[in-house]
Amino acid sequence: MAVPSSSIAPPLKDELDIVIPTIRNLDFLEQWRPFFQPYHLIIVQDGDPSKTIKVPEGFDYELHNRNDINRILGPKASCISFKDSACRCFGYMVSKKKYIYTIDDDCFVAKDPSGKDINALQQHIKNLLTPSTPFFFNTLYDPYRDGADFVRGYPFSFREGVLTAVSHGLWLNIPDYDAPTQLVKPLERNTRYVDAVMSIPKGTLFPMCGMNLAFNRDLIGPAMYFGLMGDGQPIGRYDDMWAGWCTKVICDHLGLGVKTGLPYIWHSKASNPFVNLKKEYMGIFWQEELIPFFQSVSLPKDCTTVQKCYIEISNQVKAKLGKVDDYFSKLADAMVTWIEAWDELNPPSAAVPVPKGASK
């Protein structure tokens, strides 16, 4: 006899938190109610802490504003960005769950080509719970999906795959463009739904978008620092990309996987390209230095935990990128503060060994 779907517990119900950064009432949650309501929400309120943020009834949530961040972290609160969506990483730090899904408040439920609502969270969970294959590319993309497998010529020694640390989802409607591209393509919309998930190969960086992102907090959480951005900083809108570059370098070193592709969400709001240009201006120049830097980062063998890897990257940021601009010396110090704060709230257990599948 079939079990009624209503009696089936949502996957990872007690092992996953949903982190949402916001400055406004969270009416968007109404559309997500069928998918999000069983889960615990961590809402990080940016901007004026005296403003009341309304959350629809029926959701299990905790809400933290700047006063809470200052109270919980004390002097170390300086590492959490203000007036920037980078503040979301505070939610990663205070969570006690194994998995995190983070979404922006201008993102809604998308539909697949058949017109069916996409349960983005469920697809992220599938991505995280199946292995990645970063060491050898499978031309059928994710070999663990139904109807797919490893193609002829794929080494059997690699078919076990490695643990998946990050699931990077995509978006329909408003593209995630930088300001110059927004300016020359103001009416462009992403209508292309690609039914694919793939592992990003080892040694390959990617521009990580934080608006539809899930990760295994136990495996990679301390690397998911969204940097010093926004108020008082010379740069914004590079918070998720900074976390993505650091995370990918560490995943490559520790033998962990990163997936990108499904699921899609519906991105509803185009941000102002002129405002964005002001935030991104320095980053557009700096990224030409940042990418070669991350491509050349080498982590020693004794970096066997995410924390050790991250501190080593911060040292290299200060030594090499500090010459590009003083901002990077400040950022390197904030990276160390972030790890110190993380370990205070999440006392580290014994060193995690490099998972099987890591490069030698």
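1. Burial terms come first. A residue is buried under 20% relative accessible area, exposed over 50%, and partly exposed in between, using a 1.4 Å probe and protein chains only.

2. The model is predicted: local features need pLDDT of at least 70, side-chain atom pairs count only at pLDDT 80 or more, and totals for chains, interfaces and linings use all residues. Residues are numbered from 1 along each chain as its sequence is written, and side-chain values use heavy atoms, with hydrogens and water left out.

3. Overall fold. The protein has 10 helices and nine strands. These are DSSP runs numbered from the N terminus (helices: H or I, at least four residues; strands: E, at least two). The radius of gyration is 20 Å, close to the 21 Å that the globule rule gives for 360 residues, so the protein is as compact as a globular protein of that length. That radius is taken over C-alpha atoms, and the rule is 2.2 Å times the number of residues to the power 0.38. The C-alpha trace spans about 60 × 50 × 45 Å along its principal axes.

4. Packing and surface. Of the 360 residues, 52% count as buried. Take the contacts (heavy atoms within 4.5 Å) between residues at least 6 apart in sequence: 75% of them join residues at least 24 apart.

5. Aromatic pairs. The structure holds 23 of them. Rings of Phe, Tyr and Trp (its six-membered ring) pair if their centres lie within 6.5 Å; planes under 30 degrees apart count as stacked, over 60 as edge-to-face and the rest as tilted.

6. A tilted pair. The ring centres of Phe135 and Phe158 are 6.3 Å apart and their planes stand at 50°, so this pair is tilted. Both residues lie in the loop between α4 (120–129) and β6 (164–173), so the pair ties together parts 23 residues apart in sequence. Phe135 is partly exposed at 26% relative accessibility. Phe158 is partly exposed too, at 34%.

7. A stacked pair. Trp286 and Tyr327 sit 5.5 Å centre to centre, with 5° between the planes. Trp286 is in helix α8 (residues 273–296) and Tyr327 in helix α10 (residues 326–345), so this pair links distant parts of the chain, 41 residues apart. Trp286 is buried at 6% relative accessibility, and Tyr327 is buried at 5%.
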